[in-house]
There are 2 protein chains.
Amino acid sequence: MSKSEVVELPVLQDGDVVPCCPPITAGELAPADAEKMAAMFKALSDPVRLRLFSKIASHPGGEACVCDIADVGVSQPTVSHHLKKLREAGLLTSERRGTWVYYRVAPSVVAAMAAMLDLRA
Amino acid sequence: MSKSEVVELPVLQDGDVVPCCPPITAGELAPADAEKMAAMFKALSDPVRLRLFSKIASHPGGEACVCDIADVGVSQPTVSHHLKKLREAGLLTSERRGTWVYYRVAPSVVAAMAAMLDLRA
DNA sequence: CTTCTATGTTGACACTCGTCGATATGGGAG
DNA sequence: CTCCCATATCGACGAGTGTCAACATAGAAG
């Protein structure tokens, strides 16, 4: 890992339509933009996190209870740990409703990634 | 990191138009597909690698000599190490021509990522 | 041949990461 | 209140990662 400081947060913020960084093919990436993009890719660089993310993204209603997606072959604390990472990267939002906690994909995440790739969504 | 085996290689292969995995939002990601996608994102999850990648992707002619892109604030061995990682992930190809080594973005990498996001390039 | 330059490899180090069991917290039910 | 269930946090462990200096290799030029 780079020895630079941890990028603490928000890669993306709710309501942003234009995302954090210019397209990756548009020119030399500025160091600060590279940090933000790297943090986003890093959050998606684990198979378990990708499976959790895709389960939420493809769940009817756009949201999923942890209990709906927890079956990914690792322990409950590990699932919680991964969901926290995705939350910290700005990719997911969570909301407690009664006994259960519901996660959904943060708005404009897909659009942000598309912009990085120089595609219009 | 996941304790599963290392995904040794080719996330993408030259000539592939349809990439390794279904769109991330299309449904629950299969474990094997998640491994492949994670390996790709992992390769892009470092700021230095992202800057190298964007320098190559945006370089005139679609290729760049190492000497053109090596100025990213780390030592020469570290640059070489990161380029190797990107090569192993199938994101870059390299070719030696005389004294210099030229890197280019592997074909259909961008299209593959676009497909993951369920966008048509 | 030798020398120089460009790039890759090796080995070591500190740090980060994914994982788990144990424990804590939060809220509904009785 | 107590009990139970869902989720989060803590602490520890082994594995992996980024970095560098030192060295190795490849090719051009003298």
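In what order do the 3 strands of the open sheet in chain A stand?

## The sheet of chain A

The order is E1-E3-E2, and the pairing of the strands is antiparallel. This comes from a predicted model. Strand E1 (63-65) and strand E2 (92-97) of chain A are at the edges and have a single partner strand each, so one side of each has no neighbour in the sheet. On average, neighbouring strands are turned by 25° against each other, with direction ignored.

The antiparallel pairing of E2(A) with E3(A) runs over 6 bridges. Within this part of the sheet, A:Ser94 is placed opposite A:Tyr103, a residue of E3(A). Helix H4 (residues 76-88) of chain A lies across E2 and E3 of chain A, and its direction is at about 120° to E2(A).

## Chain A as a whole

Chain A contains 5 helices and 3 strands. Along the sequence these elements follow the pattern α-α-β-α-α-β-β-α. The chain has 121 residues, of which 41% count as buried. Among the contacts in chain A with a separation of 6 or more, 58% join residues 24 or more positions apart.

## Helix H5 of chain A

Helix H5 of chain A spans residues 109-116. Its buried residues are A:Val109, A:Ala112, A:Met113, A:Ala114 and A:Met116. What do the buried residues of H5(A) pack against? Within chain A, the partners are helix H1 (31-43), helix H2 (47-57) and strand E3 (100-105).

E1(B) and strand E3 (residues 100-105) of chain B are paired in the antiparallel sense over 3 bridges. B:Ala64 has B:Tyr103 in E3(B) as its bridge partner.

## How the two chains are related

In general, two copies of a chain are related by a rotation about an axis and a shift along it. Here, chain B is superposed on chain A by a rotation of 180° with 0.0 Å of shift along the axis, at an RMSD of 0.0 Å. This is the relation of a two-fold axis. The C-alpha of B:Phe41 is the one in chain B nearest the axis, at 2.7 Å from it. Both copies use the same surface: 100% of the contact residues of chain B recur in chain A.

## The interface

How many residues of chain B are in contact with chain A? There are 33, and they are in contact with 34 residues of chain A. The area buried between the two chains is about 3,000 Å², and carbon and sulfur atoms give 75% of this area.

On the side of chain B, the residues that lose the most area to chain A are B:Phe41, B:Leu50 and B:Leu117. Together they account for 17% of what that side buries.

Technical notes
Residues numbered from 1 in each chain as written. Chains lettered and ligands numbered in written order. Predicted model: local features only at pLDDT ≥ 70, side-chain atom pairs only at ≥ 80, totals over all residues. Heavy atoms only, no water. Buried < 20%, exposed > 50% of the residue type's maximum accessible area, 1.4 Å probe, protein only. Helix = DSSP H or I, 4+ residues; strand = E, 2+ residues; numbered from the N terminus. Contact = heavy atoms within 4.5 Å. Least-squares fit on C-alpha atoms with pLDDT ≥ 70 in both. Pairing = 2+ DSSP bridges. Axes fitted to C-alpha atoms, helices over the stretch in contact; angles between N-to-C directions. Buried area = accessible area lost by both parts, 1.4 Å probe.
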